[in-house]
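Colleague: I am new to this structure and would like a close look at a single part. Please take the sheet and what surrounds it, and keep the account plain.

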Number of protein chains: 2
Amino acid sequence: MTRTILSSATKEITIGFDAPFCVIGERINPTGRKLLSAEMASGDYSRVKLDAIAQIEAGATMLDVNAGIPLADEPKILAESIQLIQSFTDIPLSIDSSIIEALEAGLSVYQGKALVNSVTGEEERLEVVLPLVKKYGAAVVAISNDETGISEDPNERFKVAKKIVERAADYGIGREDVIVDPLIMPVGAINLAGRSALDLISRLRNELQVNTTCGASNISFGLPNRHGMNAAFLSMAAGAGMTSAIMNPLHSEEMHAILGANVMNGADPECRRWIEKFREPAAAGSEGRERRMTRRRAKG
Amino acid sequence: MTRTILSSATKEITIGFDAPFCVIGERINPTGRKLLSAEMASGDYSRVKLDAIAQIEAGATMLDVNAGIPLADEPKILAESIQLIQSFTDIPLSIDSSIIEALEAGLSVYQGKALVNSVTGEEERLEVVLPLVKKYGAAVVAISNDETGISEDPNERFKVAKKIVERAADYGIGREDVIVDPLIMPVGAINLAGRSALDLISRLRNELQVNTTCGASNISFGLPNRHGMNAAFLSMAAGAGMTSAIMNPLHSEEMHAILGANVMNGADPECRRWIEKFREPAAAGSEGRERRMTRRRAKG
């Protein structure tokens, strides 16, 4: 039973086969967001704060923080964003950068056990990212591509994941601290991408015994009704053994699919979260209850 | 690769591991429907016809036909309903009764290869239903309970399914003509019912190599937002290997989950059905296209 423990200064969460699906909020990312980009570059983190709060309220388990802005001082902006977020919430964070100095700047200010997003199977990445993950006692997202690119063959992607897990072990990082991203391809471009992703997720869980994650919305790229397709993918992936996803928790279709998958996986005891989310307002509202009680009292 | 072929006089459909999920419309069933019950008992099949048409238009692959009305002449009503439905549509039918005379009356008028719904693992049922299935060259739904009732242990349910498949073989009915219903329990009452159903579906597919079906809406009994839970269950069940369900095709949440699962399973080539269903009206409507063409012509 593989469990990845992540934490802030005061809160611990578990990603695992027997835990509710971990929703890693993806919104704090300036890629493709001009306004957020400009604000973060100028040291204005008001929108970062709003995005963090909105995602937490929508049910995120963790937040991914990315500060990849061309020509900006990414290490400084990433560290400041993390400090700002940790000043008002205890939700654990994923530190997201392809620049090693930015990862280190983020890790050096982070309070708790962070998730480093990410390392690939490329030698030069393994050699710099894994020592950093070990130094700061973090966990890491392992993306299953290497120097040869992204293979369309799921067996090749499995091999790359296995290699990263083994290399992590060489650095003293256990498999419970390596969360594999099997790389989800758009099913609109590669018709069998869905089935092969589900099969790969099963193998990663059963054979390699690792937690898994992915950029969930990739699956629906180029298709109409993307939220509907993301929802089908997420519940099926959770059924096949995927334990987390980097996604937008503000989209209710996807979140409902995950709440449903938690129930189906036995990860929502007595369906409490499902019932809390969906019970009829008339039965749930304290106002309604009070009115009925008042009526009864009036009759008595 | 197990394939169950069912047919009407002029149309054949396939239930199988590589086929789109088979939606068996459940609406033609007087249980709990007073008006339909009274009409069918009096020989008025107008609502049966409307229900058939509505389900076909909503995307049903097959229709289940049940005429279980207390004190009524079920064999006659079932046979007449089937003849009526086969007079205006070529969709294959599932003949649904617990009364052997009704099953035989339905089979004797049915044109094509029907699905008999159902036989259990009880000796006295096996001995009367299986010869009938063989006699009429039909396929059969095998419900995984026996004299001892419905076991909560998935291993017991698997054993009962295996026994029915073996008994069917003794009668010359191949495993491709036995569709196992693993019996879906409400997840609101039995917290692990979802997970154990998914695991059982996988085993039925991989070990017993049979197609599977179920009464899908059982899963959500007693819970709020039943359609949302049914949708999560259906996509996850299809991901785990379930190939059909007896369900209400008029509910769009469930149908969208199945369309998504077909894409994810590689059973919707080039995502054609998904795109056809969900593309923007502006791009899809011939009216829109014509207007644009007219404008272009006007400019030229």
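In what order do the strands of chain B form the sheet, and how are they paired?

Modeller: This is a predicted model, in which local features need pLDDT of at least 70 and side-chain atom pairs count only at pLDDT 80 or more, while totals for chains, interfaces and linings use all residues. Residues are numbered from 1 along each chain as its sequence is written, chains are lettered from A and ligands numbered from 1 in the order in which they are written, and side-chain values use heavy atoms, with hydrogens and water left out.

In chain B, 8 strands make an open sheet with parallel pairing, and their order is β9-β8-β7-β6-β5-β4-β3-β10. Helices (H or I, at least four residues) and strands (E, at least two) are DSSP runs numbered from the N terminus, and two strands pair if DSSP finds at least two bridges between them. The edges are β9 (211-212) and β10 (244-247) of chain B; each has a single partner strand, so one side of each is left without a neighbour in the sheet.

Helix α2 (residues 46-57) of chain B touches β3 (22-28) and β4 (62-66) of chain B, and its direction makes about 155 degrees with that of β3(B). Contact means heavy atoms within 4.5 Å; axes are lines fitted to C-alpha atoms, for helices over the stretch in contact, and angles run from 0 to 180 degrees between N-to-C directions. Helix α5 (residues 123-135) of chain B lies across β6 (115-120) and β7 (139-143) of chain B, at about 160 degrees to β6(B).

Some details sit in or beside these strands. Asn117(B) and Ser118(B) are joined by a cis peptide bond with omega of about 20 degrees, and Ser118(B) belongs to strand β6 of chain B. Gln209(B) has a positive phi, near 55 degrees, though it is not glycine; Gln209(B) is in the loop between α7 (193-206) and β9 of chain B. Most residues other than glycine have a negative phi, and most peptide bonds are trans.

Lys113(B) and Asp177(B) form a salt bridge through their side chains, at 2.7 Å from N to O. The term stands for a side-chain nitrogen of Lys or Arg within 4 Å of a carboxyl oxygen of Asp or Glu. Lys113(B) lies in the loop between α4 (100-109) and β6 of chain B, and Asp177(B) in the loop between α6 (154-170) and β8 of chain B, so the pair ties together parts 64 residues apart in sequence. Over all chains, the count is 24 salt bridges.

Chain A also has an open sheet of 8 strands with parallel pairing, in the order β9-β8-β7-β6-β5-β4-β3-β10. Strand β5 (residues 93-96) of chain A runs parallel to β6 (residues 115-120) of chain A, and 3 bridges join them. Asp96(A) has Asn117(A) in β6(A) as its bridge partner. Asn117(A) is also joined to Ser118(A) by a cis peptide bond, with omega of about 20 degrees. Helix α2 (residues 46-57) of chain A lies across β3 (22-28) and β4 (62-66) of chain A, at about 155 degrees to β3(A).

Last comes the interface. Here 34 residues of chain A are in contact with 34 residues of chain B. The area buried between the two chains is about 2600 Å², with carbon and sulfur atoms giving 70%; buried area is the accessible area (1.4 Å probe) that two parts lose on being put together, summed over both. In chain A, Met236(A), Met264(A) and Trp274(A) lose the most area to chain B, together 27% of what that side buries. Across this interface the rule finds 0 salt bridges.
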